[in-house]
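Here is a short report for your first look at a protein model. Keep the structure open beside the text as you read.

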Number of protein chains: 2
Amino acid sequence: MENPTLQEAEATIREALARRKCLIVVGNCWVEYHGRASSKLESGERILIVKEDGSLLVHRAKGYEPVNWQPPGCIFQTMIENETLIVKAIRRKPAEHVKVFFNKIYMVSALSLKDTGTFSLYASEEDMQKAILAEPWLVEEGFKPIAYEKKVEPGFVDVYGVDSEGNFVVVEIKRKTAGREAAFQLARYVDAIKGMVNRPVRGILVAPSIAKGVQRTLDALNLSFKALDPRRCAEILKRSETRKLAEFFGEQHDSRS
Amino acid sequence: MENPTLQEAEATIREALARRKCLIVVGNCWVEYHGRASSKLESGERILIVKEDGSLLVHRAKGYEPVNWQPPGCIFQTMIENETLIVKAIRRKPAEHVKVFFNKIYMVSALSLKDTGTFSLYASEEDMQKAILAEPWLVEEGFKPIAYEKKVEPGFVDVYGVDSEGNFVVVEIKRKTAGREAAFQLARYVDAIKGMVNRPVRGILVAPSIAKGVQRTLDALNLSFKALDPRRCAEILKRSETRKLAEFFGEQHDSRS
DNA sequence: GAGTGGATTTCGCAT
DNA sequence: ATGCGAAGTCCACTC
């Protein structure tokens, strides 16, 4: 629908919201938000999207992020007041709402999108972890994983095992350049494990690279670094027969179970 | 433009991209991404948005987040191959690209959005900091701020000052429920300051609330907690005369300058 | 250009 | 429901 009156637009929008359709509205609007924080957006031309699951997006002409939004699960109201069409999205928990005020509407589209396609992502931190479990030499020759996502005091150790000399090894994985925080995190895990066992404990930070100066932090904390590209891990995972993983999960005992 | 042929759609899209217009395309598509990671999205009906600044969004019928995207600054190519219209967004740094393959297009809109309205946000963590600087009693009776965003080893201390007994006080601000990480962060700052001065150093975590179990962590680390609502801070800031802030910035020396 | 921390982060998973 | 950490996080800001 193009250049509808506010009344026509409201009818279409109301219908679309009731039928849980995807809605696209282009027009001149201003926006108010109150809840976790508060915000005000002055008048301008924007794109409003309301999705089937009750999420709301207000996009400006620039930027990856919506200027205002509301996550899935909202309840909607529409009304016309003073020559203004108001679309209000209300969220219960946390209690918040977004109000979009339109005084001119250029386009309204109500869509029923059929979309069952699967989305798959490769080269996440989880892929790196799986690759290391399948091919432990990626960390170090002779490394043998014992458990993963092992609970220790401050949180969960990504991978935990022994090296060729029988020392315990704590592995912390980052999928991108590791900063100082990663080193501190690993240090906390190593300390926690040290307090539990009676053997030397080494810490290895696995990441594609480390930020400048972090090597010094690692040295001071007596930790080491192993370069590993998440994309290479995805490749290795693909090549590495599923059998290997199956063996691991079969023979080794999953610490989470 | 509704239900165009792929050729008609391509002409419109090419034109819109060349003129840096905002583009909305609704159709059946599949998507590939390669770069920092890789992803594949199978066939389905989605909304593609390309903005003036060269950002790209592919939205499904559900969810706040785009399933695929590209941040601002992309270069675009379009082509038709095997009855398929391909929109390709290329980013130089980091090197990555998204390809959207359409085999059916329901709608194409090329828009020139006029949008100069200002966006303002209230009650951010920064607002809490300003409120504390303007009204230090919010932290504790007798607290006197000395500096803010002070650089110490691990990072920046939110606010730094002295209490009524002359002890140094490090304040860590969180805008929402503080987790264990916040306690650790504060502990690191306190330790860092302790190494620099010859007086007792206290650490106060300021947040609307703390997560379950964090009180125990705070106790163990000898830190305390002060409840403070960011919304209230925004209120106080509004009421608190700008004069007070001006005084502070005039008399005290901004540690950042 | 890299590093650091915040976000109305969102999202998913585990407790 | 809550807590916790990852994210192709994005983004703003400092160095």
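Buried means under 20% relative accessible area, exposed means over 50%, and partly exposed lies in between (1.4 Å probe, protein chains only). By that rule Asn222(A) is exposed, with a relative accessible area of 66%.

This is a predicted model, where local features need pLDDT of at least 70, side-chain atom pairs count only at pLDDT 80 or more, and totals for chains, interfaces and linings use all residues. Residues are numbered from 1 along each chain as its sequence is written, chains are lettered from A and ligands numbered from 1 in the order in which they are written, and side-chain values use heavy atoms, with hydrogens and water left out.

**Confidence**

The predictor's confidence in each residue, from 0 to 100, is called pLDDT. Its average over chain A is 91, and 92% of the residues score at least 70. Over residues 250-257 of chain A the pLDDT is below 50. That stretch still has eleven contacts in the model beyond near neighbours in sequence; a contact means heavy atoms within 4.5 Å. Where pLDDT is low, the predicted coordinates should not be read in detail.

**Helix 1 of chain A**

Helices (H or I, at least four residues) and strands (E, at least two) are DSSP runs, numbered from the N terminus. Helix 1 of chain A covers residues 6-18, which makes 13 residues. From first C-alpha to last, helix 1 reaches 18 Å, close to the 18 Å expected at 1.5 Å a residue. The expected span is 1.5 Å times one less than the number of residues.

Which residues of helix 1 of chain A are buried? They are Leu6(A), Ala9(A), Glu10(A), Thr12(A), Ile13(A), Ala16(A) and Leu17(A). Seen down the helix axis, these buried residues fall within an arc of 165°, so they line one face of helix 1. The arc is taken from the directions that run from the helix axis to the C-beta atoms. Gln7(A) and Ala18(A), on the other side, are exposed. The buried residues pack against strand 1 (22-34), strand 2 (38-50), strand 5 (75-81), strand 6 (84-91) and strand 7 (96-111) of chain A.

**A hairpin in chain A**

Strands 5 and 6 of chain A pair in the antiparallel sense over seven bridges. Two strands count as paired if DSSP finds at least two bridges between them. Thr78(A) stands opposite Val87(A) in strand 6. The two strands form a hairpin with two residues between them. Glu83(A) lies in this loop between strand 5 and strand 6. Glu83(A) is exposed, with a relative accessible area of 65%.

**Positive phi angles**

| Residue | Phi |
|---|---|
| Arg20(A), following helix 1 of chain A | near 55° |
| Asn82(A), in the hairpin turn | about 50° |
| Glu83(A), not a glycine | about 60° |
| Asn222(A), not a glycine | about 65° |

Asn222(A) sits in the loop between helix 4 (214-221) and strand 13 (224-227) of chain A.

**Helix 4 of chain B**

In helix 4 (residues 214-221) of chain B, Val214(B), Thr217(B) and Leu218(B) are buried. They fall within an arc of 100° seen down the axis, so they line one face of the helix. On the other side, Arg216(B) and Ala220(B) are exposed. The buried residues pack against helix 3 (180-194), strand 12 (201-207) and strand 13 (224-227) of chain B.

**Cores**

A nonpolar core is a set of buried Ala, Val, Leu, Ile, Met, Phe, Trp, Tyr and Cys residues joined through side-chain atoms within 4.5 Å. The largest has 29 residues, of which Leu48(B) and Val100(B) touch the most other members. Apart from it lies another core, of 27 residues, including Leu17(A) and Phe76(A).

**Single sites**

Cys29(A) lies in strand 1 of chain A. Is Cys29(A) buried or exposed? Cys29(A) is buried, with a relative accessible area of 1%. Its contacts, leaving aside neighbours within four places in sequence, include Glu42(A), Arg46(A) and Phe101(A).

The peptide bond from Lys93(A) to Pro94(A) is cis, with omega near 0°. Pro94(A) is in the loop between strand 6 and strand 7 of chain A. In chain B, the bond from Lys93(B) to Pro94(B) is cis, with omega near 0°.
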